[in-house]
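This briefing goes through one structure topic by topic, from the strands of its sheet to its charged and aromatic side chains. Please keep the sequence and the model at hand while reading.

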Amino acid sequence: MHCTQYMAGSCRSCQWLDRPYPQQLADKQHHLHDLLADHPVAQWLMPVFGRESAFRNKAKMVVSGSVECPLLGMLHRDGSAVDLCDCPLYPASFAPIFAVLKTFIARAGLTPYNVARKRGELKFLLLTESSYSGELMLRFVLRSETKLAQLQAALPWLQQQLPQLAVISANIQPVHMAILEGEQEIPLTQQQALPEQLNQVPLFIRPQSFFQTNPQVAALLYATARQWVRELSISSMWDLFCGVGGFGLHCAGPETQLTGIEISAEAIACARQSADQLGLKNVNFAALDSTRFATAEAQVPQLVLVNPPRRGIGAELCDYLTQMAPKFILYSSCNAETMAKDISRLADYHIERVQLFDLFPHTAHYEVLVLLVHNSKS
């Protein structure tokens, strides 16, 4: 992938861009092998990958510059700005959208936030595109509600220019820190869920719910999890840290007893909407802390699927899973280092199969799917 900003030294977010892509995959696979070196693996599967460019469905743009000439991109530590509207990670459809948004910022009088002076209102623009419908979700991250009325008054022009804008909201982030968003979300359109579909499974993205930024490879990840689970012929499962329900909704059959747990109420609302659309009756999604839920439950499912944040599932949940002793644990991780620590804590399980999914080309990051089987039940 060629990137003008990388060649100029302006942006080095893609730290591995100077490595040929086959070498990137090999290096990630080697890293994963090293992390699991102390654990026998019955089956290593080949890495799964997608496009090298134009794969991101989401842009997180720092807004800087002036209201008359805004810049959308990133800030260096010294405060200098880099405009990333031509970033090759984004689909071609994003560039003309960014151009319209720059004009809109000026029309609406949304003064970009100046970090050094702690002045201004507009901090970030968060843009998400549905790979299924082509519709867009746009979030304005503001320092306060001071410019909210101006923003709302100018929206009809923006919606006329970009009719694919289905979901618009304003997020209030008053803290003078590098925090992407705050707790307060103000809807600016009646529709507040962006429809997505992967492998014929309907999914929904709300403003404050997490969704994978590489839908092409995410679809392959979910499809693989579904295939592995179907081979196990299980009738009950938990989906912990379930997000919008992608894994559980893919893996659950019509008769499967599925319980999905996620701390984000927004994400749970999405998961329930998907389950209703699929007509699944034996499904319960709840907005709870995954560890607290699991450690309070007496009933043991046949399979526990975990898809935690980068910190992993931790010692408490590992200890409880060891006590529960479900027959299978399916672990999806975006941080193989914490996953390896968790697997070491699950000493009663062995690794049946492992597969790497490269959702993050040109970086050291990757996703990995691991099937663990209890030693006494294999």
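Predicted model: local features only at pLDDT ≥ 70, side-chain atom pairs only at ≥ 80, totals over all residues.

A residue is called buried when its relative accessible area is under 20%, exposed when that area is over 50%, and partly exposed in between. By that cut-off Tyr21, with a relative accessible area of 6%, is buried.

- Eight strands form an open sheet with mixed pairing, in the order β1-β16-β17-β15-β14-β11-β12-β13.
- The edges are taken by β1 (41–44) and β13 (283–287), each of which has a single partner strand, so that one side of each is left without a neighbour in the sheet.
- From one strand to the next, the twist averages 15°.
- Helix α5 (residues 215–232) lies across β14 (303–306), β15 (328–333), β16 (349–357) and β17 (367–374), and runs at about 155° to β16.

- Asp239, which is found in strand β11 (residues 236–240), is buried yet has no salt bridge, the nearest side chain of opposite charge being that of Arg272, 13 Å away.
- When its neighbours within four places in sequence are left aside, the contacts of Asp239 include Leu258, Thr259, Gly260 and Ile261, together with Leu305.
- Gly245, Phe247 and Gly248 are also among the residues in contact with Asp239.

**Salt bridges**

- Over the whole structure, a search finds eight salt bridges.
- One of them joins Lys28 and Asp358, whose closest N and O atoms are 2.6 Å apart.
- This pair links distant parts of the chain, since Lys28 is in helix α2 (residues 21–35) while Asp358 is in the loop between β16 and β17, 330 residues apart.
- Both partners fall under the cut-off for burial: Lys28 is buried at a relative accessible area of 1%, and Asp358 counts as buried at 0%.
- Another salt bridge is formed by Lys102 and Asp83, with 2.8 Å between the closest N and O atoms; as Lys102 lies in helix α3 (residues 94–108) and Asp83 in strand β4 (residues 81–83), the pair ties together parts that are 19 residues apart in sequence.
- Lys102 is partly exposed, with a relative accessible area of 23%, whereas Asp83 is buried, with a relative accessible area of 18%.
- The side chains of Arg345 and Asp342 also meet in a salt bridge, at 2.8 Å from N to O, and these residues are separated by about one helical turn because they are three residues apart in helix α10 (residues 336–345).
- A network of salt bridges links Arg139, Glu181 and Glu185.

**Aromatic pairs**

- The count of aromatic pairs comes to eight.
- In the pair of Tyr21 and Phe49, the ring centres are 6.0 Å apart and the planes stand at 70°, so the pair is edge-to-face.
- Tyr21 in helix α2 and Phe49 in the loop between β1 and β2 are 28 residues apart, and their pair thus links distant parts of the chain.
- While Tyr21 is buried, Phe49 counts as partly exposed at 44% relative accessibility.
- Tyr90 and Phe98 form an edge-to-face pair as well, with 5.9 Å from centre to centre and 70° between the planes; Tyr90 is buried at a relative accessible area of 10%, and Phe98 is buried at 1%.
- Ring pairs link Tyr90 and Phe98 with Phe94 into a cluster.

- Ala54 has a phi near 55°, a positive value in a residue other than glycine; its place is in the loop between β1 and β2 (58–65), where Ala54 counts as partly exposed at 27% relative accessibility.
- Ala325, which is not a glycine either, has a positive phi of about 55°; Ala325 is found in the loop between α9 (314–324) and β15 and counts as buried at 13% relative accessibility.

Key
Residues numbered from 1 in each chain as written. Heavy atoms only, no water. Pairing = 2+ DSSP bridges. Helix = DSSP H or I, 4+ residues; strand = E, 2+ residues; numbered from the N terminus. Axes fitted to C-alpha atoms, helices over the stretch in contact; angles between N-to-C directions. Contact = heavy atoms within 4.5 Å. Buried < 20%, exposed > 50% of the residue type's maximum accessible area, 1.4 Å probe, protein only. Lys, Arg positive; Asp, Glu negative; His and termini not counted. Salt bridge = Lys/Arg side-chain N within 4 Å of Asp/Glu carboxyl O. Phe/Tyr/Trp six-rings, centres within 6.5 Å; stacked < 30°, edge-to-face > 60°.
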